[in-house]
Amino acid sequence: MSSKIKHADNNLPLPVEKIPKCWNEEQRMNALFSPFRSKSANPQDWVSKYRFWQGLIYEWLKYTMKSSFSIADLNTAFKRNGCTPLCLITVVEELFRNNEIIPETEFLKEPCESWTAWSIDIFVKRPLTWSYSKVKSYVVNNEINKDTRYIHLQIVKEFGNTVFSILEEKKENILVPFSELVKNCKSQIDTNMSDNTVMLVLIWLRREKKVVFRKSEDENELLIKIAVQSSDSVTEIEEGMYKLMKQENELVKEIELMEEEKINIINETKSYLTKGLRQVAKTHLRKKMQLEKAIEKRAHTLENIQSLISSIQNTHMNTAVLSAYKTGSDVLKKLNESGLSESNVRDVIDELSVVLEEQQEVQSLLSESFKSDDLTIDLEQELAELEKLDIPNTELSSNIDELHNNLKNLHIGGTSAVSSNSSESQKSIHKKKGLMKPQYA
């Protein structure tokens, strides 16, 4: 997310593309800036007005990268034509009643076991009348204290997800200093994100059991760590490793700078030799030799620190491996106590071998095919008889040709003869086809 361009002389609370369209409508804005009327008189208008300010406050906080605000802040931000909204006290009370905001003093209290438990304690266990009276407790001289700060819970959660993703990118580091996190937030999220916003976000992440942090004892720096387990904390060993790695990085930078200076001295020496100034060149060579000795000392120190870091990491790894071995040993002991012994295992394996052999025999029997030679012979004989009974098409065709020849040789001498021959011929055909039908006179 890139840094935002400030809106110019129009003093708008948001950029033109984000500001509500009605902002330039005098009649509408006069109604929205006026105090709330009774909700029972016009509920729809009351809800519409509240939702306008609810959404506008959320967008303003998100744009300005703020997670906390006061009524005084809102009055300044939403001033229009010299006028401040007269309805914001009611809006803030309703936001608080709906658990969308919480006084900063309550937010900064030491967390319970979790954010959820803390929320239940604040919003559920204590009655609604307490919540409302809590807002009223900030009233001074019959007016609500406009400098009381509130945390917008939805905003702080959204910022928290973004900041946590930045911490996840730095998993190679055991601990991340607060100053470095702020720097990364400003470069990757928004330059307007303040240290206070990042701190409030970290408090929310701690309530969510996502991070833990502690202040370094000998350095004025807050050290942050991603929590792997809910019981995680920043240990002295982790803080010691952080200091060693920090010293390693500083030594590397020092050596780089000294190497650059050495190159510059060599170039200057060559320049003086070219000009024939040998004595001046010798002076620079002495500087180079002193610098090389200093670089060598720094390199030895760096090597020692790196060796120390490696030893600590190996020890940590060995400790983890030893813990794993111990866990494995305890598990095996418990299994042995449950009946896992050499004799029991041998008995089970023997029983299993017998069962497998029986199973193989059953499978072998089931896979055998049914054999019946007599049935096969009977089937072959029946097929042969069926083949003999099959009438070829050529025989039927020769009988039809013979019938046609007989019809051609007949003379038209008597009707009875023709009818007789015809009838006989038809009978002959039907008999050949096996389709004998009755004759009609």
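Ten salt bridges, written here as 10, are held by the structure, a salt bridge being a side-chain nitrogen of Lys or Arg within 4 Å of a carboxyl oxygen of Asp or Glu. The structure is a predicted model, in which local features need pLDDT of at least 70 and side-chain atom pairs count only at pLDDT 80 or more, whereas totals for chains, interfaces and linings use all residues. Residues are numbered from 1 along each chain as its sequence is written, and side-chain values use heavy atoms, with hydrogens and water left out.

One of these salt bridges joins the side chains of lysine 225 and glutamate 238, at 2.8 Å from N to O. This pair links distant parts of the chain, 13 residues apart, with lysine 225 in strand E8 (residues 222-226) and glutamate 238 in helix H11 (residues 236-274); helices (H or I, at least four residues) and strands (E, at least two) are DSSP runs numbered from the N terminus. Lysine 225 is buried, at a relative accessible area of 10%, and glutamate 238 is likewise buried, at 16%, where buried means under 20% relative accessible area, exposed over 50%, and partly exposed in between (1.4 Å probe, protein chains only).

Within helix H11, lysine 243 and glutamate 239 lie four residues apart, about one turn of the helix, and their side chains form a salt bridge of 3.5 Å, N to O. Glutamate 239 is buried, at 4%, while lysine 243 is partly exposed, at 26%. Both residues belong, together with Arg214, to a network of salt bridges.

In helix H12 (residues 278-337), lysine 288 and glutamate 292 are also four residues apart, and their side chains meet at 2.9 Å, N to O.
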